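Q: I'm new to this one. Can you walk me through it?

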Amino acid sequence: MAHDTVAHHAADPPALQPPRRGLRVRAQAALHSQPLLGPLIVLVLASTLFTLWVGPRFSDPLNLSLILQQVQIIGMVGIAQTLIVLTAGIDLSVGAITVLASVVMGKLAVDHGMPVLLALLLGVVIGAACGGVNGLLVTRLRIPPFIATLGTLSVFSALTLAYSRSETISAQDVPTLLSWPGHSVRILGTEVTYSSLLMIGCFAVVAYVLRCTAWGAHLHAVGDSPEGARLSGIRTGRVLLSVYVAAGTICGVAAWFLIGRIGSVSPQAGENLNLSSITAVVIGGTSLFGGRGHVLGTLLGSLIVGVFSSGLALAGVNDLWQVFTIGVLVIAAVAADQWIRKVAS
């Protein structure tokens, strides 16, 4: 009898073990749970590649400072774009808002004799107001963000040209306070502009707000599932409106940095800011479908664009192929996002 019992247990099938996940699935899971990991790996690999290819010229502190200066406006406008993309929207007018705000600052201070600080603040207010217009079109009139901001892109650009009369305010006429972000301070043996440092500070502040405040949690919830957020008691319309106002405000601050960067006030400045900001956001790992991503990824995305542009230029590569490379990076980033999202589906 004991023999039969032993034989019976011996015939039982072994307990089922959970299947071991393959390397591909584990990589997908890691990249999904850590949105900064992908762009960080790309940035490190790109920096290493160009250091080996170009040599000490690329890793020279002066060149690294120049890269930071080149991406500071893209980074600032990218913060605004990130907030919108996290809600599953897109803003095609961020560049136009930035230029309009810069023109308002310059015209009020130079042509109308307004105190410079007040002109600066009113420029930021104009940025917030433009963001509010976008927000109202999306939340009240229910116009898709792409269409709404495509329309306001033309409206804000036309207002800029009309108000400025297509005239540029030269560098010698720009008040010191407006050009101050372009001034430099010496750090670690090289010159770093104040706007570069302020840009990094803005990224840190927005990252904290998104991670540690109820507003940030609501923003992510709306981007992940608007209906689910509404059913949980979140006023999705108010959240979306506040996001667009915040984005416009950040564009207003970016306008100040833009004046410092170019040293003058020009209605033709920042022509590619809209696409450049989207590029930085996408390469930085923020999903265009909303709800997933990190604003610091946009900083990494901006730096990736700067590293490739600088490295290829130092290597003597034609500008045409630099543009080609950035396009490939965007396509690869979107394809990677689709691949990573399979973990959540």
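Q: Which element of the protein chain has the lowest mean pLDDT, and which the highest?
A: Helix H1 (residues 2-11) has the lowest mean, 50. Helix H7 (residues 116-139) has the highest, 97. pLDDT is the predictor's confidence in each residue, from 0 to 100. Helices (H or I, at least four residues) and strands (E, at least two) are DSSP runs, numbered from the N terminus.

Q: And what is the mean pLDDT of the whole protein chain?
A: The mean is 89, and 92% of the residues reach 70 or more.

Q: What ground rules apply?
A: This is a predicted model, where local features need pLDDT of at least 70, side-chain atom pairs count only at pLDDT 80 or more, and totals for chains, interfaces and linings use all residues. Residues are numbered from 1 along each chain as its sequence is written, and side-chain values use heavy atoms, with hydrogens and water left out.

Q: OK, salt bridges. How many are there?
A: Three. The rule asks for a side-chain nitrogen of Lys or Arg within 4 Å of a carboxyl oxygen of Asp or Glu.

Q: Which residue does Lys107 pair with?
A: Asp111, with the closest N and O atoms 2.7 Å apart. Both residues sit in helix H6 (residues 94-111), four residues apart, about one turn of the helix.

Q: Is Lys107 buried or exposed?
A: Lys107 is buried, at 9% relative accessible area. Asp111 is partly exposed, at 43%. Buried means under 20% relative accessible area, exposed over 50%, and partly exposed in between (1.4 Å probe, protein chains only).

Q: What about Glu227, which residue is its partner?
A: Arg230, with the closest N and O atoms at 2.4 Å. They are three residues apart in helix H12 (residues 226-231), about one helical turn. Glu227 is partly exposed at 42%, and Arg230 is partly exposed at 44%.

Q: And which residue does Glu191 bridge to?
A: Arg186, the closest N and O atoms being 3.1 Å apart. Glu191 is partly exposed, at 33%. Arg186 counts as exposed, at 57%.

Q: Back to H6. How many residues does it have?
A: H6 has 18 residues and spans 25 Å from first C-alpha to last, close to the expected 26 Å. The expected span is 1.5 Å times one less than the number of residues.

Q: How many residues of H6 are buried?
A: 16 of the 18, so H6 is largely enclosed by the rest of the structure.

Q: What follows H6?
A: Gly113, whose phi is positive, near 65°.

Q: How do H6 and helix H14 cross?
A: The axes of H6 and H14 (residues 273-283) come within 7 Å and cross at roughly 125°. Axes are lines fitted to C-alpha atoms, for helices over the stretch in contact, and angles run from 0 to 180 degrees between N-to-C directions. H6 and H14 are therefore oblique. Under 35 degrees counts as roughly parallel, over 145 as roughly antiparallel, 65 to 115 as roughly perpendicular and the rest as oblique.

Q: Which residues meet there?
A: Val94, Gly95, Ala96 and Thr98 in H6 meet Leu273, Asn274 and Ser277 in H14. Contact means heavy atoms within 4.5 Å.

Q: New topic. Where does Leu120 lie?
A: In helix H7. Leu120 is buried, at 8% relative accessibility.

Q: Which residues does Leu120 contact?
A: Leaving aside neighbours within four places in sequence, Leu120 touches Met105, Leu177, Leu178 and Trp256.
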